[in-house]
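Student: Before we look at any details, could we go through this model together, one element at a time?

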Amino acid sequence: MSSPTLLSPPTKPGIRRLSSSSATFEELALGPSVVVPPEHMTKPSDAHETAAALELAKHRLAGKEKGPIHGLITPPGTPPKTNFTDQYAFAFDIDGVLIRGGKPIPQAVEAMKVLNGQNEYGVKVPYIFVTNGGGKTEQERCLDLSKQLEMEISPGQFICGHTPMREMAQKYDTVLVVGGEGDKCRTVAEGYGFRDVVTPGDIIKDNKDTTPFRKLTDDETNHSRARNFGEAEIEAIFVFADSRDWAGDQQIILDVLMSKHGRLGTRSESFDQGPPIFFSHNDIVWSTSHQLTRLGMGALRTSLEAMYKAMTGKDLISTAFGKPQIGTFQFATRLLQQWRKDTHGINAPPRTVYFVGDTPESDIRGTNEFNTSDQCENQWYSILVRTGVFQEGTKPAFQPNATVDNVLDAVQHGIQREVDKNTKTIVQQLSEQ
């Protein structure tokens, strides 16, 4: 396999390397950073180039980096040859593919080593993580995964289900944010730029009779903010992460949906005056450490739709982000295109992206539908693994391009497919001479 060129030195100026054992979210929010296991702090690891370049690419997309990124693109001439491909990339779901029940799936660490150059061809392949998991910032997910896989990773490699919600921060003032542990979703929303974020805890603190069977703990009371909701109008509802209290959260969401212009304590006669509701993803089930799949945010959405229909006689209109929505794949394409432009001087996405997932209804469906849409500029190739939601003996609702046992098999399948494509091209060129 021929060695492609990478216009990049071994280290990137302006990138801060933070230890996964001591880095804070505040430090990660200060600028381009990579999270590094303590044992790799003295020198760049095999994963450094990918992590650093994608971190800078994401900052460029967000408009946080202006002008040329010095050290990433060399002047015209003969660039130094390295073993870093720009022709294809991998995108991974996390739960059920790399992690299960908070622990690495056995083959995950080896799969990352293969992508970082420890393979028979010596090729390094770029990769990103696309997860529907919510309730945490990209920085927090980066810290978690760096510790779990014991490798160098950057926040720029992560696309979460609620990442596109940041683009709505300027559209709405007062918003209700639901889900997640404690006050984390409020922190995420405020980090995205939402100006006035309220939580179910705030509402219960203002009126304890809102949820007859749920009482706030002392910790929840301390994290909830005092407010007179008789004077507030909630303009939108965002379900950022899985609810920890379905009964209480659904009661509050329905109260707001059926209100007059988002004012709690009121009830619309026509049921068309309530604010819009957005979900960060629509996964009905997801893979955990339990032997069977567990209910996810899509199940909450289905439950809310049924209750809203029963109470109002109308269908609930809602919007979901994340996989399988095309917008998630479009953002991933833009990120990889920016990476390729920065590192190779080519303003086009890699010709093939291998998406590795465990859920046919979101991962495989989303990949396939985006690949056949008029929005797709390259090829997205779906690979289904058997370590998560999908189990052998069942027929997936959406057929992948390939089905393999685990993430290591998926990586090896993609790399071998590229080798075979290159070999075929060379043979054709020789036959035409």
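Tutor: This is a predicted model. The buried residues of helix 9 are M297, G298, A299, L300, R301, L304, Y308 and T312.

Student: Which elements do the buried residues of helix 9 pack against?

Tutor: Helix 9 covers residues 297-312, and its buried residues include L300, L304 and Y308. Taken together, the buried residues of this helix pack against strand 10, helix 8, strand 11, strand 13 and strand 14.

Student: How far apart are the end C-alpha atoms of helix 9, and what span should its 16 residues have?

Tutor: At 1.5 Å a residue, the 16 residues of helix 9 should span 22 Å, and this agrees with the separation of its end C-alpha atoms, which is 22 Å.
Just after helix 9, the chain continues with G313, which takes a positive phi of about 80°.

Student: How are helix 10 and helix 11 oriented to each other?

Tutor: Two packed helices are described by the angle between their axes and the distance between the axes. Helix 10 (residues 326-344) and helix 11 (residues 360-371) pack at an angle of about 70°, with axes 9 Å apart. Angles of 65 to 115 degrees count as roughly perpendicular, so helix 10 and helix 11 are roughly perpendicular.

Student: Is R263 buried, partly exposed or exposed?

Tutor: R263 lies in the loop between helix 8 and strand 11, and, leaving aside neighbours within four places in sequence, R263 is in contact with F229, G230, E231, A232 and E233. Because its relative accessible area is 26%, R263 is partly exposed.

Note on methods:
Residues are numbered from 1 along each chain as its sequence is written. This is a predicted model: local features need pLDDT of at least 70, side-chain atom pairs count only at pLDDT 80 or more; totals for chains, interfaces and linings use all residues. Side-chain values use heavy atoms; hydrogens and water are left out. Axes are lines fitted to C-alpha atoms, for helices over the stretch in contact, and angles run from 0 to 180 degrees between N-to-C directions. Helices (H or I, at least four residues) and strands (E, at least two) are DSSP runs, numbered from the N terminus. Angles under 35 degrees count as roughly parallel, over 145 as roughly antiparallel, 65 to 115 as roughly perpendicular and the rest as oblique. The expected span of a helix is 1.5 Å times one less than its number of residues. Buried means under 20% relative accessible area, exposed over 50%, partly exposed in between (1.4 Å probe, protein chains only). Contact means heavy atoms within 4.5 Å.
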